[in-house]
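I opened the model and kept notes as I went. The entries follow in the order of looking.

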Amino acid sequence: MTNDPLLAGLAALATDAPEGLYDRIAARWVRVPGPIGELSVAFTDHGVSYVHRGEGFAGAFRERFGRPLVAADRPPAGLLPALRTGRASGLELDLRGLSDFQRDVLEAARTIPRGEVRPYAWIAAVIGRPKAVRAVGTALGHNPVPLLIPCHRVTRSDGLAGDYVFGAAAKEEVLGGEGLDLGRMRDLAGRKEFYLASDTTGVVCFPTCHNARRITRAHRHGFRTLAQAREAGYRPCKSCRPAA
């Protein structure tokens, strides 16, 4: 991946290149283990910029970002723990080049905790674009740093995992590895129970919210819509924010 005329020109300089010039021309890359096998990861001085699975990494990166790659000696600080734990809040990401809308979508997805999911419409509501559900899906499908920004935690409202940059099977594998019970999600969706409420707390949640998972069967009530839950006297959870 280093056989590039730009990099060769830099290497031929009689003196060292000015500080920061190399990073503006090329990006560094490493191969690292991930929750769904080996990953290729590109990064710059600004943070991780691209995560890829499978063949064609260099070509896909060059087509998308217009710059070559050079192998790095080690991964950036925090990358391996972030991939191992599914928690990347402290990892620097390089999201330059994204539109404001794309950035808003990805930042909203980044707030979804490990082991929980939210519907596409929730993302649209959170960013103040409730009618842009399809555009949200498109933005998530072009997430340059999947797994680090957990677009896999955004799913269809019918209980199915939905599309994913690495494929639907990989999405289910990652969610299962994070402790999500996909079978239970489908069962609830099949009964049209998209919100779960507790008659002991008076709170209604998304089914995968950590608060919803603590509701015992005797005190659990399912609702198709948030409006129905509110009419029954339940208030939205402040953790999963179903009323976002």
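**Sheet and helix**

I began with helix α3 (residues 57–65), which lies across β1, β2, β3 and β4 and runs at about 125 degrees to β3. Axes here are lines fitted to C-alpha atoms, for helices over the stretch in contact, and angles run from 0 to 180 degrees between N-to-C directions. Contact means heavy atoms within 4.5 Å. Helices (H or I, at least four residues) and strands (E, at least two) are DSSP runs, numbered from the N terminus.

This is a predicted model, in which local features need pLDDT of at least 70, side-chain atom pairs count only at pLDDT 80 or more, and totals for chains, interfaces and linings use all residues. Residues are numbered from 1 along each chain as its sequence is written, and side-chain values use heavy atoms, with hydrogens and water left out.

Next I traced the sheet. It is open, has four strands in the order β3-β2-β1-β4, and its pairing is mixed. The edge strands are β3 (47–52) and β4, each pairing on one side only. Neighbouring strands are turned by 40 degrees against each other on average, direction ignored. Two strands pair if DSSP finds at least two bridges between them.

I then checked β1 (residues 27–34) against β2 (residues 37–44): they pair in the antiparallel sense over seven bridges. Gly34 stands opposite Gly37 in β2.

**Leu69**

I found Leu69 in strand β4 (residues 69–71). Leu69 is buried, at a relative accessible area of 3%. Buried means under 20% relative accessible area, exposed over 50%, partly exposed in between (1.4 Å probe, protein chains only). I also took its C-alpha separation from Phe206, 137 residues apart along the chain: 42 Å.

**Glu116**

I located Glu116 in the loop between α5 (100–109) and β5 (118–119). Glu116 is buried, with a relative accessible area of 3%. A polar atom of the Glu116 side chain lies 3.2 Å from the backbone nitrogen of His210. Leaving aside neighbours within four places in sequence, Glu116 is in contact with residues including Arg153, Leu180 and Arg213.

**Helix α8**

Which residues of α8 (residues 168–177) are buried? I get Ala170, Lys171, Val174 and Leu175. They cover an arc of only 135 degrees around the axis, so they sit on the same side of α8. The arc is that of the directions from the helix axis to the C-beta atoms. On the other side, Ala169 and Gly177 are exposed. The cover over the buried residues includes α6 (120–126), β6 (154–155) and α9 (182–190). After α8 comes Gly179, with a positive phi near 95 degrees.

Methods. A polar contact is a pair of N or O atoms within 3.5 Å; within protein, one must be able to donate a hydrogen and the other to accept it, and residues adjacent in sequence count only if both atoms are side-chain atoms.
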